[in-house]
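Subject: Structure handover

Hello,

Here is the structure we talked about. Please load it and read the notes below alongside it.

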Amino acid sequence: MLENIFHLKENHTDVKTEIMAGITTFMTMAYILAVNPNILSASGMDSEAVLIATALASFVGTALMALLANYPFALAPGMGLNAYFSYTVVLTMGYSWQLALMAVFVEGIIFIVLSLTNVREGIFNAIPMTLKSAVSVGIGLFVAFVGLQNAKLIVNSDSTLVTYQHFKGETFSSVGMGAILALLGIVITAILLVKKVKGGILYGILITWVLGILCEIAGIYVPNPDAGMYSVIPTAFVSFDFSALGKTFGQVFKTDFSGVGILNFFAVMFSFLFVDLFDTLGTLIGVASKADMLDEDGKLPHIKGALMADSIATCAGAVLGTSTTTTFVESASGVTEGGRTGLTAMTTGILFLLATIFSPLFLTIPSFATAPALIIVGFYMMGSAVKIDFNDPSEGIPAFLTILAMPTAYSISEGIAIGVISWTIINVVSGKAKEKKISPLMYVLTVLFILKYVFL
């Protein structure tokens, strides 16, 4: 049966290899089960509900990837997009998390339509590679900055806006110790990755958490709920009670649009769409290249099935109660282990489904243990900087402004807007429009972003 569904022999693989590859992929991306509830709960969503929604959305998306495209790619709520959801759309812009879910749902519907045509590939080709790379780098810095804040290594300052944690005072045993444990977690995770330990990010979270438990038992770390520091010792390990999901399931359809202009909603939705578009296509092409799946023209066969899986998963995730579900670059770990078909993805998906039972355990994981994962993921996303030609000011300056704006404006969408506007204007005014072959779509996007700043 597995041979008939996944064509293992045709892809020069076997059941054992595929299952081991699927387990490896899960191990490298399971940190999302701890990190995503931590980030989305900042928007007011119930963390237990988000964890269950995260696991279910990951299962749905990854299973669809296996069945529609027969590729070893796994999906889950994307890093960066979840930070934009909570910290920009809800906390900065002041919109409800239900409206943010609706923006994600609409984005998914649009992607389903685009995936049925060649439009999605056309949009991908219209945006200059420089900005695609810059968006990845900017999101990396933004996510890392969020990680530093979650660890309370970077804190508020009335004089300089932000400053480093002062390891003195009455909160040393709670906030201070949490920050120190986060620093240890970064070092531990880095060493694991240098040693090429599979699942290094996940192990980094677990080791940091265990250190926190030992410190709490020894009285070195003292929980302080008033300072946002809670007990890290689990009181339960498994649960077959999924009633918490009701707090987010279907809430997308209870969105209150009063006081929200159509342009405001469009700006939020487009930001989700833009980032997800390039994140997904870039990941698909990057991982497929590693697996030698691209044809002689550099195209990915069955890409429509892969894009459709991603689109449907985004809609399903929004209904369940989580931010944009997208293809994970960590899929490369399973491919490295020999995964070549959808059986790898299906194995990963089933493991995500089983993870719903262990939700109480994941919810006990503290933010200082997940913060190192955010910072390390930021490091990985910085790799795209080498693709930017900083020797050419017409390319380098818009890319730099894109990267700079995201962490400093605390907004991914502002970075995208500034990048698109500056790239188009600089190249048009300097007479490089014909040389750069600027797509008509770029002019449309530039005008839309300028109108956003004029009227919003």
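**Tyr-95 and the loop**

Tyr-95 sits in the loop between α5 and α6. Bear in mind that this is a predicted model.

Is Tyr-95 buried or exposed? Its relative accessible area is 14%. The cut-off for buried is under 20%, so Tyr-95 counts as buried.

Leaving out residues up to four places away in sequence, Tyr-95 touches Val-89, Val-90, Val-260, Asn-264 and Val-268. Two of those names come back below: Val-89 and Val-90 belong to α5 and take part in its contact with α6.

One distance for reference: the C-alpha atoms of Tyr-95 and Ile-397 are 32 Å apart.

**The α5/α6 pair**

Helix α5 covers residues 81-90, and helix α6 covers residues 97-115. They pack at about 125°, and their axes are 10 Å apart. That angle makes α5 oblique to α6. The crossing is right-handed.

Which residues meet there? From α5 come Phe-85, Val-89 and Val-90. From α6 come Trp-97, Ala-100, Leu-101 and Val-104. The contact has 7 nonpolar residues, no polar ones and no charged ones.

Helix α5 is also largely enclosed by the rest of the structure, because 10 of its 10 residues are buried.

**Thr-25**

Now to another helix. Thr-25 is in α2, which spans residues 15-29. How accessible is Thr-25, and what does it count as? Its relative accessibility is 0%, so it counts as buried.

Its contacts, again without residues up to four places away in sequence, are Ala-74, Glu-330, Ser-331, Ser-333, Gly-334, Thr-344 and Thr-348.

**Domains**

The domain assignment gives domain 1 as 1-388 and domain 2 as 389-455. Taken over C-alpha atoms, the domain centres are 27 Å apart. How many residues are in contact across the two domains? The count is 31 residues of domain 1 with 25 residues of domain 2.

Best wishes

Conventions
Residues numbered from 1 in each chain as written. Predicted model: local features only at pLDDT ≥ 70, side-chain atom pairs only at ≥ 80, totals over all residues. Heavy atoms only, no water. Axes fitted to C-alpha atoms, helices over the stretch in contact; angles between N-to-C directions. Helix = DSSP H or I, 4+ residues; strand = E, 2+ residues; numbered from the N terminus. Parallel < 35°, antiparallel > 145°, perpendicular 65-115°, else oblique. Left-handed = near helix turned anticlockwise from the far one by under 90°. Contact = heavy atoms within 4.5 Å. Nonpolar A, V, L, I, M, F, W, Y, C, P; charged D, E, K, R; others polar. Buried < 20%, exposed > 50% of the residue type's maximum accessible area, 1.4 Å probe, protein only. Domains from an automatic or database assignment.
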